[in-house]
Amino acid sequence: MNKSSIIFKLMMVAMALIITMGACNGNKEKSNSASKSEKDAPLDPNGKLAIRYIEEDSILKNYNLAKDFQEMATRLENEYDQAGRRLSDQITNFENSMQKKYQNNQYNEASYKADMQKLQQMQQNAQSELAKIQESSANQMQQSQKQLNDSVENFLREYANKNHYDMILIKQPGSFMNSNLDITNEVVNELNKRYTKVAPKK
């Protein structure tokens, strides 16, 4: 499991707790009301907690916003690799030119020292440029992760309230849950209905 998936899982667990607390508070308010409509009644006729679950991997795989962010992550990684190769080629070419000068006895002490300083500066500049690209990519991914978490969290809160669910859980690997309680497909469909792709800035 990659780092973004772990972060997403932790956020989703937090969401489940928030949804549960919100639903419980809502149930308390409903119980204090003088009358209670059929719409406000618990889903389970026996008064038990109304629990559903979703599968994280399916959300990440099928939610269009998550897929767009995965594409962005791939693009950022490719841009970093391309910059690394470009800078590496520049340094290698300069090193080769120095080697030829040395072999052809074109160096004196001053010119050799100047080229060595230039080579060191190129290396430092390359490290600095790659560090900036990496920092920018990390910031974009962090913002995207927050947007994804907020999108799912806000939707689950509304969805739980609308359907009178007391709790929406994340199915853990190796755990058993009754498939009748799985609302993953419904959640993904509703998320995608809401999502409008925004063209990336050029």
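Visitor: Which residues does D115 touch, leaving out those up to four places away in sequence?
Guide: D115 touches F94, M98, K101 and Y107. Bear in mind that this is a predicted model.

Visitor: Where is D115 placed? And is it buried or exposed?
Guide: D115 sits in helix α4. Its relative accessibility is 12%, so D115 counts as buried, the limit being under 20%.

Visitor: How do the axes of α3 and α4 cross?
Guide: They come within 10 Å of each other and cross at roughly 180°. Because angles over 145 degrees count that way, α3 and α4 are roughly antiparallel.

Visitor: What classes of residue make up the contact of α3 with α4?
Guide: That contact has 21 nonpolar residues, along with 9 polar and 7 charged ones.

Visitor: Switching to the cores: how many residues are in the largest nonpolar one?
Guide: The largest nonpolar core has 23 residues. Those with the most contacts inside it are I54, Y63, L148, I168 and V187.

Visitor: Which elements give two or more residues to this core?
Guide: Those are α2 (56-62), α3 (64-103), α4 (109-163), β2 (167-170) and α5 (184-194). The most comes from α4, with 6 residues.

Visitor: What other core lies apart from it?
Guide: There is another core of 9 residues, including A83, L87, F94 and L130. F94 is also one of the residues that D115 touches.

Visitor: OK, rings now. How many aromatic pairs does a search of the whole structure find?
Guide: The search finds 4 aromatic pairs. In one of them, Y63 and Y195 have ring centres 6.2 Å apart and planes at 75°, so this pair is edge-to-face.

Visitor: Which parts does the pair of Y63 and Y195 tie together?
Guide: Y63 lies in the loop between α2 and α3, while Y195 is in the segment after α5, so the pair links parts that are 132 residues apart in sequence. Y63 itself is buried, with a relative accessible area of 2%.

Visitor: And what about Y107 and Y112, how are they arranged?
Guide: Y107 and Y112 also form an edge-to-face pair, at 5.3 Å centre to centre with 85° between the planes. Y107 is buried, with a relative accessible area of 17%, whereas Y112 counts as partly exposed at 39% relative accessibility.

Visitor: Last one: which residues form an aromatic cluster?
Guide: F155, Y159 and Y165 form one aromatic cluster.

Methods: Residues are numbered from 1 along each chain as its sequence is written. This is a predicted model: local features need pLDDT of at least 70, side-chain atom pairs count only at pLDDT 80 or more; totals for chains, interfaces and linings use all residues. Side-chain values use heavy atoms; hydrogens and water are left out. A nonpolar core is a set of buried Ala, Val, Leu, Ile, Met, Phe, Trp, Tyr and Cys residues joined through side-chain atoms within 4.5 Å. Buried means under 20% relative accessible area, exposed over 50%, partly exposed in between (1.4 Å probe, protein chains only). Helices (H or I, at least four residues) and strands (E, at least two) are DSSP runs, numbered from the N terminus. Rings of Phe, Tyr and Trp (its six-membered ring) pair if their centres lie within 6.5 Å; planes under 30 degrees apart count as stacked, over 60 as edge-to-face and the rest as tilted. Axes are lines fitted to C-alpha atoms, for helices over the stretch in contact, and angles run from 0 to 180 degrees between N-to-C directions. Angles under 35 degrees count as roughly parallel, over 145 as roughly antiparallel, 65 to 115 as roughly perpendicular and the rest as oblique. Ala, Val, Leu, Ile, Met, Phe, Trp, Tyr, Cys and Pro count as nonpolar, Asp, Glu, Lys and Arg as charged, and the others, Gly among them, as polar. Contact means heavy atoms within 4.5 Å.
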